[in-house]
Amino acid sequence: TALDLDFVRSQFPAFSEPSLQQQAFFENAGGSFTCQAVVDRLTRIYTPRKVQPYASYTASRLGGEEMDEARMRLSAAMGIDADELSFGPSTTQNTYVLSQAFRKWLSPGDAIIVTNQDHEANSGPWRRLADEGVDVREWKIDPETGMLDPNRLSELLDERVRLVCFPHCSNVIAQVNPVTEITALAHAAGAFVCVDGVSYAPHGLPNVGDMGPDIYLFSSYKTYGPHQGIMVIKEVLAELLPNQGHYFNDRFLNKKFTPAGPDHAQIAACAGIVEYFDTLASHHGIALPNAPSGVHKLFRNYEKKILQPLLDYVDAKNSIRLLGPSDASKRAPTVALDLGIKSFEVAKKLSELNVLAGGDDFYAIRLLEALGVDMDHGALRLSFVHYTKEEEVKAVIQALEEVL
């Protein structure tokens with residue numbers, strides 16, 4: 001089934017916004033546009049239901065039901081139990097809280113593995129545990145390709161490793177890592193697994209239950225929703241880790257690792273993400289029980305189709321270094337380029353041609369340094385998702401040709 005792009009774009013208020021017309025948005029890895037279903041739910045919570053939820057009166061009861069709906073629909077879409085899903089202010093904050101729980105649980109001499117392919121949010125909090133006597137081991141990228149080799153992970157695994165942390169997809173390299181394979185390797189060695197899914201989830205919610213990691217984190221503001229961090233923590237691991245919330249919430253898995261109070265409206269609005277996916281599934285003739293996987297395939301097939309011409313263009317330019325794979329089937333549509341000049345200035349020139357992109361380090365400093373990128377220059381990042389037009393990708397190529 002071909003993706004009906006006109007229908008897709010009709011679900012996003014941004015594409016009807018006059019101030020955004022004739023502009024090609026290529027900074028989606030920093031945050032996507034919000035779908036109408038989420039906007040509607042936010043409006044409903046902030047108007048007739050902006051009260052403390054879960055009381056007996058109608059506005060409160062309905063607000064609580066919307067929060068519950070978000071948890072139930074997201075957990076079902078990801079193949080996990082509802083209690084295994086938690087909401088927090090951001091993925092960075094959620095990861096930090098989890099690292100503090102591990103700090104209390106780990107013993108001196110225990111080991112964890114991190115990568116230098118990660119966004120700092122899924123690296124820094126774990127690395128700080130070295131101050132507590134934890135053996136922090138780094139699974140290094142190939143400095144030429146930026147990719148992670150599972151064979152190198154095998155060399156780091158032993159009976160002391162308690163946790164392996166890696167990205168489902170890098171926010172710069174964009175390599176899609178084989179989560180199921182890596183998780184199996186770690187589990188066979190007796191280690192738990194933490195996957196940063198922030199850069200992958202916008203391209204289709206993954207079935208975490210099938211893949212098997214013990215922790216999976218992503219950000220709803222990059223999956224067409226409000227600003228929340230969403231984390232999956234499997235029950236077996238959650239029961240082992242010490243409570244990080246109020247003492248009386250210790251028995252609730254979905255509250256145990258969220259010391260901050262819940263943002264009622266933002267959580268409730270997250271149900272709109274799944275509502276949007278279900279709407280797409282219905283429109284494209286996909287049966288609702290298969291909606292998550294069916295929509296995922298729609299996204300990936302379309303994104304690969306319009307990504308490959310951009311990869312071919314930059315890969316053929318001697319003046320541009322493409323970071324990551326040149327095969328669209330092996331990566332997400334996040335294209336980072338080492339230009340040898342200040343990327344921020346190039347992004348500024350592109351904006352004058354109505355191409356909105358970013359030039360920065362994107363919190364992946366360890367990765368860029370390992371690749372030999374001049375940090376005074378940073379990287380130019382062009383990132384898109386399923387609502388991007390093929391014509392907009394062509395416009396990017398034309399703009400790059402003009403600017404460079």
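Predicted model: local features only at pLDDT ≥ 70, side-chain atom pairs only at ≥ 80, totals over all residues.
Local features are given where pLDDT is at least 70, side-chain atom pairs count only at pLDDT 80 or more, and totals for chains, interfaces and linings use all residues. Residues are numbered from 1 along each chain as its sequence is written, and side-chain values use heavy atoms, leaving out hydrogens and water.

**View 1. An open sheet of seven strands, with mixed pairing.** Follow the strands in the order β2-β8-β7-β6-β5-β3-β4. Strands (E, at least two residues) and helices (H or I, at least four) are DSSP runs, numbered from the N terminus, and two strands pair if DSSP finds at least two bridges between them. Because β2 (85-88) and β4 each have a single partner strand, they stand at the edges, with one side left without a neighbour in the sheet. On average, neighbouring strands of this sheet are turned by 20° against each other, direction ignored. Axes here are lines fitted to C-alpha atoms, for helices over the stretch in contact, and angles run from 0 to 180 degrees between N-to-C directions.

**View 2. Strand β6 beside its partner β5.** The two strands run parallel and are joined by five bridges. Look for F166, whose bridge partner in β6 is V195, and for P167, whose partner there is D196. Five of the five residues of β6 are buried, where buried means under 20% relative accessible area with a 1.4 Å probe, protein chains only. In a regular strand, side chains alternate between the two faces of the sheet. In β6, F192, C194 and D196 lie on one side and V193 and V195 on the other.

**View 3. Helix α7 (residues 179-188) and its buried residues.** Here you can pick out V179, I182, T183 and A186, which are buried. They lie on the same side of α7 because they cover an arc of only 100° around the axis, taken from the directions from the helix axis to the C-beta atoms. Their cover includes β4 (135-139), α6 (150-156), β5 (161-167), β6 (192-196) and α8 (208-211), with contact meaning heavy atoms within 4.5 Å. Just after α7, G190 takes a positive phi of about 90°.

**View 4. The largest cavity, with a volume of about 70 Å³.** Among the residues lining this cavity are N28, H203, K222 and F384.

Notes
Buried < 20%, exposed > 50% of the residue type's maximum accessible area, 1.4 Å probe, protein only. 1 Å grid on protein atoms, 1.4 Å probe; cavity = no way out; pocket = protein on both sides within 12 Å on 5 of 7 lines; lining within 4 Å. Points joined across faces, edges and corners; volume = space filled by probe spheres on them.
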